[in-house]
Amino acid sequence: MQPLPWTVGKINQFCGQPPLLTENFVSPTKLKQGCVPSAKMTSLNMYPHIKDEDLFQEVKEIVVQKVGHVPIAKGDFGKLPRNVRIFISHCIQLMSPRGVYICDGSQEEADEIIHKLIERGTLTKLTKYKNSYLCRTDPQDVARVESKTFICTDDKYETVPHVREGVAGILGHWLSPEEMKKELNDRFPGCMAGRMMYVIPFSMGPVGSPLSKIGVQVTDSNYVLLCMRIMTRVTPKVWDVLGEGEFVKCIHSMGCPRPVPRKVKNHWPCNPEKVLITHFPAERKIKSFGSGYGGNSLLGKKCFALRIASVIARDEGWLAEHMLTNLAMIQPPLPGYKVQVIGDDIAWMRFNKKGELRGINPEAGFFGVAPGTNMKTNPNAMLSMQENSIFTNVAETADGGVFWEGLEDEVPKGIAMVDWLGKPYALGMGGGPAAHPNARFTCPASQCPTIHPKWEDPEGVPISAIIFGGRRPKGVPLVFEAKSWEHGVMVGACVKSEATAAAEFKGKKIMHDPMAMRPFMGYNFGRYLEHWLSMPKPGRKMPKIFHVNWFRTDENGKFLWPGFGENIRVLDWILRRCKGDDSICVDSPIGLLPKPGTINMEGLGDVNEKELFSLPKHYWLDDTQESRRFLEDQVGSDTPPIIFQLLDQQEAAFKAMKE
């Protein structure tokens with residue numbers, strides 16, 4: 001049923017003070033009961049420091065079917081694109097908020113929300129940094145919840161592959177739209193009662209870029225508003241670019257209508273028992289309920305930028321990909337090199353008319369895991385978060401700073417702290433960690449000292465190489481190049497990491513993360529591989545594909561490669577290959593390896609290059625068979641035949657190799 005036509009009324013509401021100077025003032029509650037608001041106001045100014053014209057603000061209202069009169073606390077509803085007004089009205093009808101606040105992304109808006117959250121206790125100002133704040137969530141709402149994240153399509157196999165019988169699939173979770181509707185109807189009706197509904201217009205990518213996409217998120221979380229302002233481009237310019245065009249509909253609620261039935265912890269309303277994150281690719285819609293944690297509530301991130309965007313990319317002929325992040329902010333020790341950042345998490349890539357693959361960072365900020373980040377592991381990330389940042393579930397130091405595991409050498413010795421649960425903490429006291437293992441920092445990408453001046457270029461930047469990687473302690477060389485685009489797709493499909501198993505188990509634990517997209521697939525992974533394989537076309541300049549492994553160890557468990565900034569030496573070799581230098585590589589069963597002596601090792605000391613690039617025959621025979629088994633189990637008949645053919649060729653090459 002369509003909402004009624006929007007009727008707009010006005011109410012003069014005293015800004016920031018009780019409505020002492022209004023006549024016949026009508027509260028939002030009475031407004032819903034059909035009272036007619038007064039537009040009269042006395043000229044008496046009891047607050048001489050406030051100009052008369054600043055004494056009041058106009059608050060418009062709309063009338064929505066089944067809900068009635070709903071105040072518009074900020075923004076001009078009537079000037080929004082018609083399709084956005086319809087979307088918002090349906091959201092009002094479904095969730096019954098007490099009012100609507102149309103965001104503009106301005107600093108004034110952020111200041112207003114921040115002050116409110118400080119008063120409420122949701123945010124704590126960090127005096128050590130400029131305009132930065134600490135937030136502690138409900139301890140039950142601290143992470144992305146994969147088991148409660150679903151994609152809904154009429155055809156199950158549009159979403160997930162045909163797994164082997166008896167095998168539990170790990171490449172996506174599907175639920176039929178009919179079943180999901182029952183779940184959503186148990187959650188969303190009336191879920192914003194007593195709360196403001198914030199409408200956030202945002203662009204993924206530079207506003208107006210041909211590579212960008214637009215979303216509109218509604219949420220009842222102030223925290224989400226602040227973080228979306230950092231992580232995406234929130235601006236009224238979005239409305240002008242959008243017009244009556246298509247946008248991704250993002251619906252989020254903490255799931256705590258007032259009065260709240262459960263105890264609110266840390267001033268963080270949520271509904272952990274009812275968390276559900278759902279995607280409807282055909283409708284370009286996301287609905288998230290119950291959680292305020294980053295990826296669950298900042299719907300521009302993985303939900304939009306990967307799961308929904310990967311489907312849009314398939315339909316439009318481009319790529320939406322999760323990035324290898326540990327190359328983004330290295331500080332190179334080699335002379336002649338300068339590393340500049342475009343993004344650290346997600347890349348959208350499209351071929352232009354010249355056949356060049358161009359890429360953008362669809363995000364505007366960094367949403368990073370705090371523990372383990374320090375001036376050694378990621379100095380540029382540390383420098384990026386020194387102001388205008390929000391820290392979530394980290395510890396607070398007595399001098400108004402932050403602490404997490406990994407910063408032991410960067411805080412004053414003996415300094416008192418409060419941990420992420422709000423309890424006293426000191427280094428060496430034992431017990432649990434000071435910061436939650438998934439604690440986060442959110443900061444503007446523009447603050448990164450190595451941000452590229454063209455990071456917001458609407459045309460994107462040229463992509464010369466695509467690099468996959470995994471944590472592989474044994475057998476896998478530091479770097480190798482795929483022999484062709486098709487071979488590179490096979491390499492990406494077989495990306496995995498080895499983790500040390502718990503003490504009571506023996507052997508290795510293999511964790512597959514094909515294309516670094518395992519939790520973020522928006523559709524059937526077999527068809528996703530077919531989409532990658534379809535990229536080469538006449539006139540296109542295809543980037544080379546590589547695989548790197550910084551984590552190979554010797555027989556004593558010691559890393560063979562120093563990593564961190566020294567990884568520029570591997571990039572140096574990769575770039576020379578991209579320029580067509582065929583003198584620096586040799587063929588092998590897995591791809592093209594660096595010819596001995598062609599990676600610059602000057603000043604590194606004793607690096608066992610021979611072991612770093614060795615290919616143990618039986619290790620690789622086992623690994624190739626295990627990769628094939630994974631694809632047979634998890635992708636089955638949806639696996640493109642060329643992938644199995646390339647694995648067969650690799651296995652045959654190792655069988656023919658001398659010991």
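Buried means under 20% relative accessible area, exposed over 50%, and partly exposed in between (1.4 Å probe, protein chains only). The model is predicted: local features need pLDDT of at least 70, side-chain atom pairs count only at pLDDT 80 or more, and totals for chains, interfaces and linings use all residues. Residues are numbered from 1 along each chain as its sequence is written, and side-chain values use heavy atoms, with hydrogens and water left out.

**Exercise 1.** Classify F468 and W532 as buried or exposed.

Solution. F468 has 7% relative accessibility, so F468 is buried. W532, with a relative accessible area of 1%, is buried.

**Exercise 2.** Find the geometry of the ring pair F468 and W532.

Solution. Rings of Phe, Tyr and Trp (its six-membered ring) pair if their centres lie within 6.5 Å; planes under 30 degrees apart are stacked, over 60 edge-to-face, and the rest tilted. The centres of F468 and W532 are 6.1 Å apart and the planes stand at 45°, so the pair is tilted. F468 lies in strand β25 (residues 465-469) and W532 in helix α12, 64 residues apart. Helices (H or I, at least four residues) and strands (E, at least two) are DSSP runs, numbered from the N terminus. Ring pairs also join both residues to W485, Y523, F525 and Y528 in a cluster.

**Exercise 3.** Identify which residues of α11 and α12 meet.

Solution. Contact means heavy atoms within 4.5 Å. From α11 come W485, E486, V489 and A493; from α12 come F525, L529, W532 and L533.
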